[in-house]
Amino acid sequence: MKKLLLMVIVSLISIKSYSQSYNIPPFKRGGDKILHFTCSYIIQYNSYNWLEPRLGKKKAKLYSTLLTLGIGASKEIIDQKFRKGWEAGDMYANSAAIMLFRIELGR
């Protein structure tokens, strides 16, 4: 568990803290949503693969989903308190990554 927590903390620190200021021309402000989607998918994938041999598939799905949603919500709370405010689109991107991962697990 310590290794998973350390991995999550390092991942969050390594992401540029001003990600919402990215300006990717074809996506306009969509770069932030792509970053949310990608990070959520990576967190979901890694946490599931770490938890699955320890807890079983059913609990690993649940806990990795809750972890990913919790990290995404925490990021939005930080945005609300210290930045320009939270965006619903960021949580939609996080949720889309979780749904994609869950769909892939069903195969």
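Which residues of H2 are buried? They are Gly31, Asp32, His36, Cys39, Ser40, Tyr41, Ile43, Gln44, Ser47, Tyr48, Trp50 and Leu51. The structure is a predicted model. Its chain has four helices and zero strands, and the order along the sequence is α-α-α-α.

**The chain as a whole**

- The chain has 107 residues, and buried residues make up 30% of them.
- Of the contacts between residues at least 6 apart in sequence, 60% join residues at least 24 apart.

**Helix H2**

- Helix H2 covers residues 31-55.
- The 25 residues of H2 should span 36 Å at 1.5 Å a residue, and the end C-alpha atoms are 35 Å apart, so the two values agree.
- After H2 comes Gly56, which has a positive phi near 100°.

**Helix H3**

- Helix H3 covers residues 57-82, which is 26 residues.
- From its first C-alpha to its last, H3 reaches 37 Å, close to the 38 Å expected at 1.5 Å a residue.
- The buried residues of H3 are Ala60, Ser64, Thr65, Thr68, Ile71, Gly72, Glu76 and Asp79.
- An α-helix has 3.6 residues a turn, so residues three or four places apart point the same way.

**H2 against H3**

- H2 and H3 pack at an angle of about 145°, and their axes are 8 Å apart.
- The crossing of H2 and H3 is right-handed.
- On the H2 side, the contact is made by His36, Ser40, Ile43, Gln44, Ser47, Tyr48, Leu51, Glu52 and Leu55.
- On the H3 side, the residues are Lys57, Lys59, Ala60, Lys61, Tyr63, Ser64, Thr65, Leu67, Thr68, Ile71, Lys75 and Glu76.
- By class, the contact of H2 with H3 has eight nonpolar, seven polar and six charged residues.

**H2 against H4**

- Helix H4 covers residues 88-105, and H2 packs with H4 at an angle of about 40°, with the axes 8 Å apart.
- H2 and H4 are therefore oblique to each other.
- H2 and H4 cross in a right-handed sense.
- H2 contributes Asp32, Lys33, His36, Phe37, Ser40, Tyr41, Gln44, Tyr45 and Tyr48 to this contact.
- H4 contributes Gly89, Asp90, Ala93, Asn94, Ala96, Ala97, Ile98, Leu100, Phe101, Arg102, Glu104 and Leu105.
- The contact of H2 with H4 has 11 nonpolar, five polar and five charged residues by class.

**H3 against H4**

- The angle between H3 and H4 is about 165°, and their axes are 10 Å apart.
- H3 and H4 are therefore roughly antiparallel to each other.
- The crossing of H3 and H4 is right-handed.
- From H3, the residues in contact are Lys61, Thr65, Thr68, Leu69, Gly72, Ala73, Glu76 and Asp79.
- From H4, they are Asp90, Met91, Asn94, Ser95, Ile98, Arg102 and Leu105.
- By class, the contact of H3 with H4 has five nonpolar, five polar and five charged residues.

**Ser40, a buried residue**

- Ser40 lies in helix H2.
- Ser40 has 5% relative accessibility and therefore counts as buried.
- Apart from its neighbours within four places in sequence, Ser40 is in contact with Thr68, Asn94 and Ala97.
- Ser40 and Thr68 are listed in the contact of H2 with H3, while Ser40, Asn94 and Ala97 are listed in the contact of H2 with H4.

**Met99, an exposed residue**

- Met99 is found in helix H4.
- Met99 has 52% relative accessibility, so Met99 counts as exposed.
- Met99 and Tyr41 are 58 residues apart along the chain, and their C-alpha atoms are separated by 9.2 Å.
- Tyr41 is one of the buried residues of H2, and Tyr41 also takes part in the contact of H2 with H4.

Note on methods:
Residues are numbered from 1 along each chain as its sequence is written. This is a predicted model: local features need pLDDT of at least 70, side-chain atom pairs count only at pLDDT 80 or more; totals for chains, interfaces and linings use all residues. Side-chain values use heavy atoms; hydrogens and water are left out. Axes are lines fitted to C-alpha atoms, for helices over the stretch in contact, and angles run from 0 to 180 degrees between N-to-C directions. Helices (H or I, at least four residues) and strands (E, at least two) are DSSP runs, numbered from the N terminus. Angles under 35 degrees count as roughly parallel, over 145 as roughly antiparallel, 65 to 115 as roughly perpendicular and the rest as oblique. A crossing is left-handed if the near helix is turned anticlockwise from the far one by less than a right angle, and right-handed if clockwise. Contact means heavy atoms within 4.5 Å. Ala, Val, Leu, Ile, Met, Phe, Trp, Tyr, Cys and Pro count as nonpolar, Asp, Glu, Lys and Arg as charged, and the others, Gly among them, as polar. The expected span of a helix is 1.5 Å times one less than its number of residues. Buried means under 20% relative accessible area, exposed over 50%, partly exposed in between (1.4 Å probe, protein chains only).
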